[in-house]
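Here's a quick walk through one annotated stretch and a helix beside it. Have the sequence and the 3D view open as you read.

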Amino acid sequence: MADVPNDAPQHCPGTSSEQAGKSSACQGCPNQAMCSTGAPKAPDPAIEEIKLKMSTVKHKIVVLSGKGGVGKSTFSAHLAHALASDESTEVALLDVDICGPSIPRMMGLEGEQVHQSGSGWSPVYVEDNLAVMSIGFLLSSPDDAVIWRGPKKNGMIKQFLRDVDWGELDYLIVDTPPGTSDEHLSVVQYLSGAGIDGAVIITTPQEVSLQDVRKEIRFCQKVKLPIIGVVENMSGFVCPKCKNTSQIFPPSTGGARRMCEDLSLPLLGRVPLDPRIGRSCDEGKSFLTEVPDSPAAAVYRAIVQSIKDYCASGSSSDGNTNME
């Protein structure tokens, strides 16, 4: 996949193919003229620049799901809060959902702006050890729509990774939009030199969600992105009074547990529905701090510990990802 531009059409033959620039899939592609010349393409110099920038970041974790509305940003926000609860741990959360940036609201940073310094863009801080970057900080209003094609979105992600003054970090968490397209390819390509520890994949129990999540798993396998494990959100509802569990979204095909068994993937945990999770996100607060004794908070803590253990053990080998 290394010879496929990250803004290419779905059936791109690749720049090294004899059909490069000539295939029917090439019609309308912004790279068509360049590919058809047959000239050798140098690797994007930004990859080396980002590798140098990321040399001060110990662990890089990508949060993915093929399905929208399953709680990726919610999980990313709470993962960041949980890791940063240790004041000796430096954490950053990068929101690459260019068209639907929700992280500023979830982190209580709506209305904040990014400042430029001699060392690059300065991220916005929730705590002294928790930094956040999102295109939401660059918009004049939270209601502004970002109407961009792939190349411009890719350019913004490149800037986030290369031009932000991240400093010394223990963890960089990358929150992504649904799907397997521009933003995901850009993150994997630009971090290919620096290495990614792995991906956490988010789903909900119903089959309509699992179908899209299987595509995301296949994406990770194709670009050789290690999978840390799967988290099942909205996994039953625990009544706060009687403590009984009800299945709001019944796992008709066995849910994430069955999928992980079939695909030999770790199931990191099953987070029950709790209306207080959504309320905490709306208010820009950490659910783990607001309701520390809830069943969902206990599951979150166990999941976060599994992720920390994975990173500490070096389970992703050298952490490198190769797009081929």
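Lys72 sits in helix α3 (helices are DSSP runs of H or I, at least four residues, and strands are runs of E, at least two, numbered from the N terminus). This is a predicted model, where local features need pLDDT of at least 70, side-chain atom pairs count only at pLDDT 80 or more, and totals for chains, interfaces and linings use all residues. Residues are numbered from 1 along each chain as its sequence is written, and side-chain values use heavy atoms, with hydrogens and water left out.

Gly66 is found in the loop between β1 and α3 (72–84). The UniProt annotation "binding site", from an unreviewed entry, takes in both Gly66 and Lys72; such annotations may be inferred rather than shown by experiment.

Buried here means under 20% relative accessible area (1.4 Å probe, protein chains only).

| Residue | Relative accessible area | State |
|---|---|---|
| Gly66 | 18% | buried |
| Lys72 | 6% | buried |

What does Gly66 touch, not counting residues up to four places away in sequence? Its contacts (heavy atoms within 4.5 Å) are Pro178, Gly179, Asp212, Val213 and Glu216. With that same exclusion, Lys72 touches residues including Val63, Asp175, Pro178 and Ile202. The side chain of Lys72 also gets to the backbone oxygen of Lys67 at 3.3 Å.

Now for helix α7, residues 207–222: its 16 residues span 23 Å from first C-alpha to last, close to the expected 22 Å (1.5 Å times one less than the number of residues). Val213 and Glu216 are among its buried residues, and the cover over those buried residues includes β1 (57–64) and α8 (255–263). Just past α7, Lys224 has a positive phi of about 55°.

Methods. Buried means under 20% relative accessible area, exposed over 50%, partly exposed in between (1.4 Å probe, protein chains only). A polar contact is a pair of N or O atoms within 3.5 Å; within protein, one must be able to donate a hydrogen and the other to accept it, and residues adjacent in sequence count only if both atoms are side-chain atoms.
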